[in-house]
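Trainee: I have a model open and want to learn how to read it. Where do we begin?

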Amino acid sequence: MSTSAPVAKRPTPETTKTPKRRSSFNEGTGRLAALLLSPTMIVLILVVGLPILAALRESLYQSGQRIDESGFIVQGSEFVGLDNYTAIFSGETGQRFWNAFYNTTFFTVACVVIETILGVAMALVMHKAFRGRAIVRASILVPWAIPTVVSALLWKWIFQADGIANEMLGTQILWSTEGWQSVLSVIVADTWKTAPFIGLLVLAGLQTIPDEVYEAAKVDGAKAWSAFVHITMPLVKPALLVAVLFRILDTLRIFDLPFVLVGPNKESVETLSILAYLEANQTRYGPAAAYATLLFIYVAVVAYVFVKLLGADVFGDAIQRKSKKKNGRNGRGRGKQADPGAPVAGLTAGGGLGGE
């Protein structure tokens, strides 16, 4: 008596349906994240948010002593609306504002361009393997570690009438007076101090590039300049853009270097920060707050345009790539679940994994 082998049941969608993946995010995780971030948010609100709101409010008032229409001295604060802003763009005040705006923009463009070139060169030098590399790295990074005020005083002594600069050049240039020489002194001092900062961040990006990439380029016959343009610069671009962004935001707020090196009330080096300080020093807090608010808007707009045009938002790109990768994995999982009988049919028809 023959017995037939049991026939396997054909899989059905109900039996092959995989259980739904539980999301790793739940209400408990959200509460924990909010709890951990709350101290930082509170500090940011107290340190950043409240001063900004206070400056905006102060810019709508006029405080201190002033003479009213009757000729009497009035003491205290008075709400004037946007008068402080409109006064900035009219008359002699407007000329002074646009001069400070031009100086701020010129210092930012000139200093950042020169510092970027020198910073990349410093990074390439510090990245090379040679004897005494540690000493070279330390000597390059020393200027960045010096406080800005101390650096300004050092360069003020160098640029004195009987200083080292005139001695080396064989001239008698008055560097701290009005003119191109005071602008040049600020650019030189700022470049000397902060170019190592860009070099340090670019060096960190260079150290993440594998040596095998350059070896493969040599095998393909790439020259040094071609490897620098097509390998080094694209791979260090994220670190370089972040460094340049930090330097742009820092230079737009430049105050202490020209103030100490050249001095106040110098038209050739007067920036928006110096202008706001001088107004506040004369107890004109409303106009000073208006200058500070305009500078804040200028910095925010420049940062936004820089991030959007040049793609310096490294963290945002990383999050976007992560979400795309996660969606891709979920899409592949859904594709496998769409036809549960397909794997079984493949194995049955091919007789094995290879399908042969």
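Mentor: With the elements. Helices (H or I, at least four residues) and strands (E, at least two) are DSSP runs, numbered from the N terminus. The protein has 15 helices and four strands. This is a predicted model: local features need pLDDT of at least 70, side-chain atom pairs count only at pLDDT 80 or more, and totals for chains, interfaces and linings use all residues. Residues are numbered from 1 along each chain as its sequence is written, and side-chain values use heavy atoms, with hydrogens and water left out.

Trainee: How do I read burial, and why does Thr 116 count as buried?

Mentor: Buried means under 20% relative accessible area, exposed over 50%, partly exposed in between (1.4 Å probe, protein chains only). Thr 116 counts as buried because its relative accessibility is 18%. Thr 116 sits in helix α4. Beyond neighbours within four places in sequence, Thr 116 is in contact (heavy atoms within 4.5 Å) with Ile 198, Leu 240 and Val 244. Across the protein, buried residues make up 30% of the 356 residues.

Trainee: What about empty space? Which helix gives the largest share of the lining of the largest pocket?

Mentor: Rolling a probe the size of a water molecule over the atoms shows where empty space is left. On a 1 Å grid over the protein atoms alone, a pocket is an open set of points where a 1.4 Å probe fits, with protein on both sides within 12 Å along at least five of seven lines; lining residues have an atom within 4 Å of a point. Helix α9 gives the largest share, five residues. The lining has 15 residues, with His 127, Lys 128, Tyr 214, Ala 227 and Thr 232 nearest the pocket's centre.
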